[in-house]
Amino acid sequence: DAWVVVEGEVYDVSAFIEDHPGGRLLLLAFAGRDASEPFETVGHSTIARRQLRNMHVGTLDATGVAAVDHRAATAMHFGRSARLTGGPACTAKDAAALWEVERHGFLPNREPVGVEALRDTAFEPFVDLVDLLPSLGFTGALRQRLDGDASLQQSLLACGDPGVLEGLSADQIERAFSVVGYTMVAYWRGGTLDYSMGVHGDSSLRQKRGGSCSIDKVVETLPLYLSKPMLLLSESVGRPPMIDYASTVLYNWVRVDKSGPISMSNVRCVLRLTGLIDEEW
């Protein structure tokens with residue numbers, strides 16, 4: 001069940017999750033919470049508001065308790081811990097605790113692990129690649145390297161077998177999801193963007209430069225050795241097969257001084273696509 005509160009009214013949106021135009025994760029993010037501000041900010045249509053009225057199940061009183069028929073269900077929803085996107089679907093035993101957001105806001109409950117956490121696992125070949133992304137991915141050389149190395153392709157493809165996740169913690173699975181995602185994007189778009197061609201006022205000169213890929217060669221189909229591991233991890237963490245906000249921001253940092261605070265001056269990015277300072281910001 002997924003219930004939300006909008007302007008003091010309680011709505012059961014469970015049956016609408018899969019049909020929500022903004023995606024199921026957006027609804028799940030506010031399950032058991034007050035969604036008034038985001039609902040109004042988006043600017044829902046008259047039709048959407050009419051649909052919402054059809055899902056009405058009760059009203060909150062002054063104490064914040066919902067006056068509905070299913071009091072037990074209400075207590076379960078409003079008393080549960082707040083989790084990112086309503087709680088990940090990761091199969092690891094410690095997955096729920098990782099994304100509890102009561103301690104650090106939207107940051108994970110535990111400090112993110114670095115790529116070294118994937119050493120001595122099936123995902124080690126991806127770790128070796130992700131360290132090179134700012135140089136290889138920038139020009140498109142990553143695609144050339146992967147397409148020309150059959151042995152490496154087999155090592156990456158093996159990461160798509162379900163058995164590779166056995167024994168991995170939620171932290172390792174989360175890191176694997178981001179590492180594979182970054183590699184996938186670098187392969188897909190590497191060498192195809194203007195910044196990979198250098199900064200020039202003359203567009204014709206910019207087109208003549210570049211690395212191993214010209215600016216118009218964005219691949220339309222990903223090879224199986226990238227897509228299979230990404231789909232496996234996507235299913236495990238319960239999120240779309242892409243680098244998302246969690247991968248690029250919420251779980252993309254470690255403290256410089258481990259004994260220091262979690263602050264902007266004491267964190268650095270773990271994964272970067274370009275190596276430019278912009279990514280640190």
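The legends below describe close-up views of a predicted model. Local features need pLDDT of at least 70 and side-chain atom pairs pLDDT 80 or more, whereas totals for chains, interfaces and linings use all residues. Residues are numbered from 1 along each chain as its sequence is written, and side-chain values use heavy atoms, without hydrogens and water.

View 1. Helices are DSSP runs of H or I with at least four residues, and strands are runs of E with at least two, numbered from the N terminus.

**View 2. The salt bridge between Arg255 and Glu111.** A salt bridge is a side-chain nitrogen of Lys or Arg within 4 Å of a carboxyl oxygen of Asp or Glu. The closest N and O atoms of this pair are 2.7 Å apart. Arg255 lies in strand β5 (residues 253-255) and Glu111 in the loop between α5 (95-98) and α6, so the pair ties together parts that are 144 residues apart in sequence.

**View 3. The salt bridge between Asp161 and Lys228.** Here the closest N and O atoms are 3.5 Å apart. Asp161 is partly exposed, at 34% relative accessible area, and Lys228 is also partly exposed, at 33%.

Technical notes. Buried means under 20% relative accessible area, exposed over 50%, partly exposed in between (1.4 Å probe, protein chains only).
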